Each structure stands twice: as C-alpha cells, then as structure tokens.
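Me: Can you walk me through this one? I have the coordinates open and want the quick tour.

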Amino acid sequence: MTSRRTGWAGAATVAALLFASACAPGSDNKKDSDEPSSVKTDVAKMGKLTLTVWDQEVRGGQAEQIAALNKQFEDKYPNVTIKRVSRSFDDLRKTLRLAITDDKAPDVVQANNGRSDMGQFVKAGLLRSLEPYNKAYGWSDRYPESVRALASYTEDGKTFGAGNLYGLPQAGELVGLWYNKAKLSKHGIEVPTTLTDFEAALAKAKQAGETPIQFGNLDAWPGIHTYGFVQNQFVARDDIRNLGFGRKGASWTSAENEKAATTFADWVKKGYFTKDFNGLGYDPAWQDFAKGKGVFLPAGTWLLADLQKALGNDLGFALPPVGETGKQAVTGGTGLPFAITEASKHADAAGAYINFITSPEAMKLIAKAGNLPVTDVDSAGTTGAQKEVFDAWTKATEDDALVPYLDYATPNFYDLLTAQVQKLGSGSEEPKSFLDNLEKEYTSFTASNGG
Amino acid sequence: MTSRLERITTYALLIAASAFALYPMGLILFSALQPDSVGGTGAFHFDNFETAWRVGHFGRYMANSILVAVVVVVVSATLSSLAGYAFGTMKFRGSSALFYLLLLGLMVPSEAIVIPLYYDLRGLGLTDTYAALILPQIAQSLAFGVFWMRQYFRSVPPEIVEAARMDGAGHGRVLWSILLPMGRPAIITMVLLVLMWTWNEFLLPLVMLPTNEGLRTAPLGLSFFKGQYTEGTSLLAAGAVLVALPIVVFYIFAQRHFIRGMLEGSVKG
Amino acid sequence: MADTVPQPPRAGRRQAGPPGEPRRIAYLYIAPALLVFGLFFLTPLLHAVWLSLYEWDGLSVGTWVGLDNYRLVLTDEALREPFVHALTLIVFFSIIPCALGLALASMITRSAVRGVNFFRTVLFLPQVVALVVVAVAWRQIFAPDGPLNDFLRTVGLGDVARGWLGDERYALICIGIVGIWVCTGLCVVLFLAGLSKVPRELYEAARLDGAGPIREFITISVPAVRGELAVALTLTLVAAMRTFDLVYVMTSGGPGTSSRVPAYEVWDRAINKGQVGVGVTVALILTAFILLCTVLINRLSESADS
C-alpha cells in the first residue's frame, strides 16, 4: 500500500497549492466603474483604435448588410479598425458567457435578450447601460417603447422589460402566418383574420387531404413559437408580457391559458399539424412547406428569403388571426441587440458604431439585403411577400401588438417549456398538468426574484 | 471443415453487418450529391464539394486541423511510449496509483474540464493560440496512449528484455532498438486512434478560440458552415464529407498496420 | 521528495530486467507525460472539484455552498433521470456490441472467411468518422419520411412507422441503435485479435472430442478473449456514459426529457444555463461512476487471469 500513498500525497500537494491560491470563482473579474462624465460622439477625434465586434449575422442577407456597414464605418473613420468575429447563434451563445468576463472582452457583442443571457450579464455588471448614448443619439425617438423593452433591464438585472437600455437591435422579427396562396385558392380559403375563420380553414384543408399546419418540433424550440401563436389567440397581451418577462401579475393556470392549451392539444388530435411533428426537424419542416406541402406555416419572418426563393409568388404572409381577446397579438421582437461590454476601453467609439449600424441609412441597407429592419420600415418599392412582411411589422409595432418569446421568462424556462410543449403535443401531458408545471416554475421564480 | 450452411450463414451475416455499417455514410454521400436548393434538379452535383470548400473556408481549417493533429499525435505518442515502457516493464513505488491517475483522463468527460481549463489557460494568456488547442489534447491523449503502450510492453515476453540487458544494453537502447521496432503495429494503432480523436474534437477548439477565427479546425468550420447555410442540406453534407474524408483515407491507408496492431500483442494474451 | 528524483542510469548498477530493476529510473520515463498531464488535465480537474463547491453563474462572484451541489445532484429527480438513461445506453453501447462482436468474430475465425480484411475495415469505419457528421445521417434515417419508415412500409409494417426521434418511448433507443452501430466494429476487431492467438490445434482437438460450435465457443473462444473483453467493455462503457454529440445533434435531450444524458446535462447546465457548479458536479459524479466501473472490470479480468 505504500505505493498508493506516494501517489495520493502528490495529488494532495497539488490540491493544497491550488486551494491556497484560490478564492471564490469570478472574484478576479475586474469591474472598473469609470462611468463617462460625458459621451463623446466625434469618432474621428478618438485616435487610432480597434473595435472588436462579435455578431451572429452569418446568413446571406444578414452577413451582406453587416459587412457593408462595417466597411462604410471604417471608410468614414479611417482611425478605426473593426475586428469582426462572427459565428452562428448557438456557437455565439456557447462562447460569449466565457469571453465576456475576460478583461480583453470584445467591445461590442450581440447578446440574446432573455434572462439567461443578457439578464445575467447585466446582473453581473458585464454590460454597460446605453442610456448615455440613448440621450446623445436620440434613439428613443426612433425606437418604439415595445422594441426598447426587449433589451431593457433594471440595473440589478431583476426586472426585464423596464429600466435601462442595454442593447440596440438592427432587425425585427415576427412569428406570423406563412401561407401557400396556390393552396388557398385551390381549396377556396380566404386569408384568415379571425380565429373562427382560421379554424374553419384548417378543417377545410384537413378535409381536402392537406396538412393544414406545417410543424416540425424535433429541435424542441419551434414549439415555443407555435405554442405562442396559439396562446396569442386567447390570452391578453399584458398577461403574456408578464409571463414572458417573468414579472408578477399573471398566471399560467388562468381560464384563458387553459383554453389555449386545450386548443393546442385539440388541434393535435384533429390532425391539423404535420403527422409525427415531434420527430420532424425544423429545417425539413419548412423545406417541405417550401416544396408545396402544407397550407399554413406559423413561423418567423427570418424565413422570408428562403421561402420566397422556392415558392415565389405563391408565398403569402399575414399577422396571426385575432382570437377571443379581440386584439391583435403577435409573438416577436428583434434580432439580437448589440451591446457594449463593461470591459470595453473604447465605449464611446462602440456607442458611435452601434448608432451607425442602426441609423436610418443603415436600415435602408438592411432592407435592401432582404431583411426586416427594426425601424424606418418602408414598404414602398417592395413587392409580394416582402411587402406583406414589412406591412405586418409596421402594423404590429403601431398597434403595440408585439408580445415576447415565452422562454425569456426565467433562466430555466427555455428547457421546461420546450420539453412541456413536446409532451403536450405527444399527449403524454394533459393541458392541466402542462400548465401546472409552467405555473410552478413561473411563481417560484417571481417569488424569489421579487420582481 | 465447417459445414457449407455455416459458411453461408457467416457470409450473409457479415454482409448484412457491413451494409449496416456503410449505409449511413452512403446516405451522407448521396445527400452531398443532390441539388442544393429546394426544387433544384439533376443528379450528381459534384460542384457542391467545390462550393462548400470555397464558401466554408475549409482549405484554411483543414490546414489548422492537420497542424494540430500532427503535433498532438507526435508528442503524445512519444510521451506515451516512454511512460508506457516504465509502467509496463518496471516495478516502482506508486506505479499503480499513478497509472490510475492517468486513466482518469479516459473517464472524465471533457465537458467537465473544459470550463476550468478555459479559465486556467486564459490566466496564462494562452487562449486563441495553437497552444490552447494542442496542449490539452496531448494531455487527454496521454491517458489512452499510456494505457495502450503499457498493455503492449506487458505483452512482450520478459526474456527478450532480459537477454538484451544481459548483453549490456541500457534501458534506452532496449526501448529504442528492440521494443519500439517490434511494437510498430501497436504504435500505428495508437497513432491512428489519437489522430482520429484529435481530428474529430469539437468542444475544445470551440471554447479555446473565442476570437481567433484564423485557427478554427475543420469540425468547427463545419459547425459554422451549418449555422450559415440552412436553406439546403446538400452543401452541409458536402462539407461533412470533406471533413471526414482525410481521416477515412488515412484509415484505409493505414488499416493493414492498424489491424496487425490489434493482432500482435496490443492486449496481453 | 529525495527518493523520487530521477537519476541517470549508471553502468555499475545495471541489472537484468524486472523484477530486479532499479526503481528510480522509471520516474524519468514517466515524468514528461505526467508533467503535461498534470498541467493540462489534472489542474483543470482539481479546479473543477473546487468549482463544484460553489454556486456560480460563470459571470459574477460565486458563493460557497459546500457539498450542496452534490446533495442536489444525488437527490433531484430531474437529475437522476439522465443517469438512468446512461445506464440504459450501456446495454446498447457495451453489452449488445460485445455480444455481437464476439459472435461475429468467432464465426469469422471458424469459417476462415475470405476477405476478412475487407470486413474488418468496413465494420470499424463507424469509429473513424466524427459523430457530429454521422448523427446528421441518422437523424435523416429516423425521420417520419425517412428510410427506416419507408422500409417498414414496403414490408407491410406501415403501422409501426412513426417519427422515431419524436416518440418519448423510442428516442433513447434510437440513440442506442447508433451506439450499436458505432461500437460493434470496435468489438469485432478486438475479438478477432484475441481469437487469432488461439492455436488451431486447440479447435481441432475440441472437434475430435465431438464439441459443437456452441461448446467450442464457450470453452475456447470466450476464455481466449478475456483480456480483449476487458478492453472492449472499458472503452464502450466509457463511450456510453460520455455520450454527448449524438444526443446534442439528434434529439437535444427530447422529446420532453426522455433522452437527456449526464454529459448533455453537464454541457447544458455549465455552458448554457450558467449553473457552473451544478454542471461540474454532475460531471464529477459521472466521472466517479465511470472510474468505479473501470476499476471493477479490470479487477475482474485480472483476477480471472491469475
């Protein structure tokens, strides 16, 4: 046994050394609170500097606009070099948490709005409040309240949807109703604007042997969108906002929510969704729709370019039908907002950069590249589905119809909701217990959060 | 000597098992040759490979992968042979404790250490460098390497070593001119396995390269490619084929030695 | 420390090989490996142990919670489920491949199959390709309109067809089937190696005694590959317990939580949800479990050896 002891003694020595030098994790993350007394906006006078920007604008039209804007910014201010690091949404999320605590953290980052990302960054003091820049550049004049709320937190990170502005997005997005015009006219269906019309349309499509709603939920997150689409028919907008932002004052077990869950389960039973949707991936599902399978597809506006390429003039887009609430509600929000890190040594230049890539001129460029700009949407000169998307966005923002993604609510809500919607869809969870499970997480979070 | 029926059954089973093994790979190859956009037509789109190579920057990423894999394999094979020699042929205090300590490397999921490792390397200023990709992977490969080489050295009949030592050969000579040449198949097997694991590693490069895009490895490139092109599966499949191809070719090329490595005393009989 | 300082070999002290080896020279041979391993594996591992004692989101300053994370992981129903799933996967990654591998290897050896090299190469191929790459193909195979359902419909089993990965009862089994696909080739190759060392005379003698294929298998083949069996069990068991890529790409742990496994839980908690302490604790408990199994297997095989 002597041989063992030597080995363990060695390990123990290493361990002792490590523990001796250690204190609580994260305590060496420096936080310098050098709030600027005044914001400088003249980038040309800031001297030579390099801005590191992390974005997830990797796909076609998104990549095109950001590359063009970066170049314009560098041309306008030759003293600034932009070091762009881009990666897909998933990869960005995985690495940002680690890199943002570095004292060499990037200056500008695109951070996911929800509590599990931006909320925690704000709470840990890793992002700067953009209020000084908001004042200097007058963003509040151009960005409606409902859009700013999606990137606003109180300073302690506890309240979401109010407080300081921490990020500014470029693009808007809506989970609306894509439809196949050819199929609608073939089966004599009008574009539904009310829930009654929509359910009648679904029944008609089903009878004609079509798949009424294209849906693929193997990746789990599409369930958030499709469930939200149904919920918007029954639950008042402010209730959905409280639920989605994880604020007190609403309940998952209300009669309206029960109607929503029952309707979702009912549509499954009636075969309104794609058969075996829990086993079908998100991409195959919309690709099937693009190939002409299915009549409706409740999904995000980010599919515009891809769907249009395949369906052309047969593609249509509408806001979700108005249901029992009598008011338009649509799940949506913005693309990931651009934020400034606390560690940035060039915060003023970063502020000017964010202002530049969200300016009215930038919005034109964003639209031209086939994206939905978050402000200054001008549907003049656009046609077809793009025009329908632009008009829907304008209408939704003017009507205050936007409601947040439900998974923003609590740090655990994404996992819980996606799993629960899959179970509700497979029938292994009844609407009642489905809602009870969501309510449990929501109330325990709001109670402990005090928000 | 075996009955005809038995032989036929054996072949039938082997062919079925081979088909099962090949089918998913055939499926990827098949998708890679489909038209990329929805509604495209025609068969055998070999241009998908060219497009994926160009658009996905696979040239650059492959070069990084090759560099990382070669350094990891050479260094870890050398260190494993030295350590395996000691564990396999010598008796010393603490040998079994130290051996199990190394074996930990085979058992700890990399998800467990990748986060502390990131903070450790960042403290040393090593993130975003080749060192951050290479050193941890050498450490992880050592666990298997030492395990494997120890098995090989234990399988060598002690008389061979003893005879050489009687003739006055030192430890180093015995290792270098007798045991290592004899163990070539075992070493090639180890090299192939470590090369495979290093080539396919994904999580570590993802976390260790927060900003330096220039150092991305091929599987990482594939993931970024996946995030960028969602409109069709063909280009993605073509990218997947490109990433898998070098290692498959190397395997087919080295498989004779590899199999001999398995046959000749990699495991104590 | 003095007795661990490596010393260069001196001519006068040389002795014949083991067991009379001078002990210290061994440390010289293992030092470089231990150094790299210590710095880039053990240090982060100890760092992980330290992190497991904190509640930490990876962003702000952590709070010391002692053994609370361990208590949580061991008592939380939601965290126990993944471990049960991992145990299920052992059947698919270890037991079935070892059984299949043993059967195939002994059949190949008995029948002296031609083109054995070809079969070995092909059967091992699934080990070579990155799981991230093949998982994409398997997802396609199990899709509602995928090849598997097409096949079932052609043979008249259309009623059985379903969205396999979307069914809570089958998602984990589907992952397991990919496990069989990955691990069987490895087992075949290892067992062929073991069987090739059996002298042919042994088989001939057995046959003269009138032994059938089954008895021959039990009395000659199985004992002959005991060493390889230990290696195969160790490697496949570790693969089963560490499964991550397959779940990540194929099901993301769903539907519901029906295919969540410990390594996925580690990744999700530590990197996705900012529960670094809990995530790391899951990893450490998983590690302890794997370690226990490995030591057990090796003990068994060594005691059987002697």
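Predicted model: local features only at pLDDT ≥ 70, side-chain atom pairs only at ≥ 80, totals over all residues.

Me: What box do its C-alpha atoms fill?

Reply: Roughly 75 × 65 × 30 Å, along the principal axes.

Me: Now the partner. How many residues of chain B are in contact with chain C?

Reply: 75 residues of chain B, against 76 residues of chain C.

Me: Which helices of chain B supply that side?

Reply: Several give at least two residues each, including helix H1 (4-32), helix H3 (58-89), helix H6 (130-155) and helix H12 (234-263) of chain B. H1(B) provides the largest share, 14 residues.

Me: How does that side of chain B divide into nonpolar, polar and charged?

Reply: The residues of chain B that touch chain C split into 53 nonpolar, 13 polar and 9 charged.

Me: Switching to the largest nonpolar core. Which residues touch the most other members?

Reply: Trp178(A), Ala240(B) and Val133(C). The core holds 318 residues. Helix H7 (residues 171-195) of chain C contributes the largest share of this core, with 17 residues.

Me: What is Trp178(A) in contact with, leaving aside neighbours within four places in sequence?

Reply: Four of its contacts carry the names Phe289(A), Phe296(A), Leu297(A) and Phe317(A). Ala299(A), Leu307(A) and Leu315(A) are in contact with Trp178(A) as well.

Me: Chain A has a sheet of 4 strands. What is the order?

Reply: E2-E1-E3-E10 in chain A. The sheet is open, and the pairing is mixed.

Me: Which are the edge strands?

Reply: Strand E2 (80-86) and strand E10 (338-340) of chain A, each pairing on one side only. From one strand to the next, the twist averages 20°.

Me: How many bridges join E1 and E3?

Reply: There are 2 bridges between strand E1 (residues 49-55) and strand E3 (residues 108-110) of chain A. These two strands run parallel.

Me: Which residue in E3(A) is the bridge partner of Trp54(A)?

Reply: Val109(A).

Me: Zoom out. How is chain A divided into domains?

Reply: Domain 1 covers 43-171 + 335-376, and domain 2 covers 173-333 + 402-449. Taken over C-alpha atoms, 29 Å separate the centres of these two domains of chain A.

Me: How many residues does their contact take?

Reply: 16 residues from domain 1 of chain A and 17 residues from domain 2 of chain A. On the domain 1 side, helix H2 (60-76) and helix H4 (115-123) of chain A each supply at least two residues. By class, that side has 4 nonpolar, 10 polar and 2 charged residues.

Me: Last one. What does the domain assignment give for chain C?

Reply: Domain 1 (1-37) and domain 2 (77-305). The centres of these domains of chain C are separated by 40 Å, taken over C-alpha atoms.

Notes
Residues numbered from 1 in each chain as written. Chains lettered and ligands numbered in written order. Contact = placed C-beta atoms within 7 Å. Nonpolar A, V, L, I, M, F, W, Y, C, P; charged D, E, K, R; others polar. Core = buried A, V, L, I, M, F, W, Y, C linked by C-beta atoms within 7 Å. Buried ≥ 20, exposed ≤ 12 C-beta atoms within 10 Å, placed from the backbone. Pairing = 2+ DSSP bridges. Axes fitted to C-alpha atoms, helices over the stretch in contact; angles between N-to-C directions. Domains from an automatic or database assignment.
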